[in-house]
Amino acid sequence: MKRIVKIVLLLCLVSCNCLAYDFQADGVYYRITNRWKRTVEVTHWEEMTGEGGRPRRLWHHHDCCGHDHSKPLSRKHLKLIQLDEEAVQREKTAYIGKVVVPPVVKYRGIKYRVVGIGDGSFFNRKQLTEVELPEGITYIGAAAFENCVSLREVQLPTTVTRIGEAAFRRCMAFTTLTLPDKVRSIDVYAFAFCEELTSLRLSAAVDTFPGNIVFHCVKLKTIVVPCAVPPVVRNDLGLIMDFRKMTFLVPAAVLSRYRDDEFWRKQKLRAE
């Protein structure tokens, strides 16, 4: 029995120290992605789950580890409780209003380049209203801005090439969105449930089109597809939307190509 208790305590201690970030600067949390190349990504301040990269609350170790409350807490246990309380405070104050992400950040005298927005970085930050992202960011991770219901707009840097699963799902304040020209990969549900979104412009580099990326975007009327070759539509998760209420604007020079494609010929197509 004692051995089992020790194992449980060890697991609690390990999980409580697995913070998502390595350091914080000017209110933004960062994880070092490559020490040799000196690169970092923006991240959340808490442990990550395995479910789509969404962060979760740290365990309340002083409640769950079977401590005998008749005995005084050890110094290590007190430190863990302090960490937990600090996490609660960050939950109340982090990523509120406007957040500016710099292209370069310094930590312990070393400069690091910011190369991405990690999974779950701004997940569920309902008081986030604006984000300024620098050139040099190449990816937006899974659930990175999911449920940021007050976020009105994001100007994606021209260097972005990949947008992860549910990256902007339930960004309720979005009205229009234009993807940079280098974006090649868009994952499932990337813009789903953006209920105020009326127009979306894809990148000319996109070669696949998940059939559910704009699921339940009830006001979306226009999708611009500036691709010379019609993107392949993927039946992700067994779901392809009904696009009959939407108009797809495609390059006039290749309109005939879209009309020859099995999926695209069924859509409402118009030359851009």
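Here are some worked exercises on a predicted model.

**Exercise 1. Find the parts of the chain that the salt bridge between lysine 98 and glutamate 130 ties together.**

Solution. 
- Start with the pair itself: the closest N and O atoms of lysine 98 and glutamate 130 are 3.9 Å apart, and the cut-off for a salt bridge is within 4 Å.
- Lysine 98 belongs to strand 4 (residues 97–100) and glutamate 130 to strand 7, so the bridge joins parts that are 32 residues apart in sequence.
- Now check the surroundings. Lysine 98 is partly exposed because its relative accessibility is 46%; glutamate 130, at 33%, is partly exposed too.

**Exercise 2. Work out where aspartate 187 and arginine 234, a salt-bridged pair, sit in the chain.**

Solution. 
- The closest N and O atoms of aspartate 187 and arginine 234 are 4.0 Å apart.
- Aspartate 187 is in the loop between strand 12 (185–186) and strand 13 (199–201), while arginine 234 is in strand 16 (residues 232–234), so to speak across a gap of 47 residues.
- For accessibility, aspartate 187 is partly exposed at 31%, and arginine 234 is partly exposed at 25%.

**Exercise 3. Describe the salt bridge between arginine 201 and glutamate 272.**

Solution. 
- The N to O distance here is 2.6 Å.
- Arginine 201 lies in strand 13 and glutamate 272 in the segment after strand 18, 71 residues apart.
- Arginine 201 has a relative accessible area of 30% and is partly exposed; glutamate 272, with 46%, is partly exposed as well.
- To put the pair in context, the whole structure holds eight salt bridges.

**Exercise 4. Locate arginine 108 and arginine 170, which have positive phi values.**

Solution. 
- Arginine 108 has a phi near 55° and is in the loop between strand 5 (104–107) and strand 6 (110–117). Its relative accessibility of 73% is why arginine 108 counts as exposed.
- Arginine 170 has a phi of about 60° and is in the loop between strand 10 (162–163) and strand 11 (176–178). Arginine 170 is partly exposed at 30%.

Technical notes:
Residues numbered from 1 in each chain as written. Predicted model: local features only at pLDDT ≥ 70, side-chain atom pairs only at ≥ 80, totals over all residues. Heavy atoms only, no water. Helix = DSSP H or I, 4+ residues; strand = E, 2+ residues; numbered from the N terminus. Buried < 20%, exposed > 50% of the residue type's maximum accessible area, 1.4 Å probe, protein only. Salt bridge = Lys/Arg side-chain N within 4 Å of Asp/Glu carboxyl O.
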